[in-house]
Amino acid sequence: PRPRVLSLDGLAPPCVGGHWLPDMKLASGCIDALGDKGGCPARIITWDDISKADPDILVISPCSASPSRTLDEMHLVARQPEFWKLRCVRNGDIYIIDYGCFSRPGPRLVEGVEMMAALFRSI
């Protein structure tokens, strides 16, 4: 089965990106953990939504934030008790990825798909 990926575009509150992100997950060999389809809008979700999805993989890629800034803001996620119960957290399948790989139409989107496919191949 394809790994189920949840990607967070915002941390507090948690927000998932829509638009082409579900299609990128599919092209990389995964599926969207929330069942979102390409073309859907970005939306705010709850930690209950995240817990129920219990993704195999968590991608943390906040909008307009560099990976170093995201690392500095991980306390916003880590302070949630539900975070520590997730399968992906217990298995160490959490990735902080530069938002630029997902945010602008063009060649970087292809790089984003290739990166996800390479990272998640063995999961």
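Let us begin with D36, which sits in the loop between β4 (31–32) and β5 (43–44). This is a predicted model, and every value I quote is computed from it. Is D36 buried or exposed? With a relative accessibility of 13%, D36 falls under the 20% cut-off and therefore counts as buried. Its side chain has a polar partner: a polar contact of 2.8 Å joins the side chain of D36 to the side chain of R43. Setting aside neighbours within four places in sequence, the contacts of D36 are V16, P22 and R43.

I turn now to the interior. In general, nonpolar side chains in soluble globular proteins tend to be buried together. In this model, the largest nonpolar core has 18 residues, and the members touching the most other members are L6, L8, I50, L58, F83 and L86. Which elements supply at least two residues each to this core? They are β1 (4–8), α2 (47–53), β6 (57–60), α4 (75–78) and α5 (87–91). The largest share, 3 residues, is contributed by α2.

Beyond its neighbours within four places in sequence, L6 contacts V16, K25, A33, L34, I45, I50, P55, I57, L58 and V59. Two of these partners, I50 and L58, are also listed with L6 among the core residues that touch the most other members.

Next, some details of the backbone. Between A12 and P13 the peptide bond is cis, with omega near 5°. P13 belongs to the loop that connects β2 (10–11) and β3 (14–16).

D54 has a phi of about 40° and is placed in the loop between α2 and β6. For S64 the value is about 65°, and S64 lies in the loop between β6 and α3 (67–72). How do their surroundings compare? D54 counts as buried, at 18% relative accessibility, whereas S64 is exposed, with a relative accessible area of 62%.

Finally, a word on confidence. The protein has an average pLDDT of 93, and 100% of the residues score at least 70.

Key. Residues numbered from 1 in each chain as written. Predicted model: local features only at pLDDT ≥ 70, side-chain atom pairs only at ≥ 80, totals over all residues. Heavy atoms only, no water. Core = buried A, V, L, I, M, F, W, Y, C linked by side-chain atoms within 4.5 Å. Buried < 20%, exposed > 50% of the residue type's maximum accessible area, 1.4 Å probe, protein only. Helix = DSSP H or I, 4+ residues; strand = E, 2+ residues; numbered from the N terminus. Contact = heavy atoms within 4.5 Å. pLDDT = per-residue confidence, 0-100. Polar contact = N/O pair within 3.5 Å; in protein donor to acceptor, adjacent residues only side chain to side chain.
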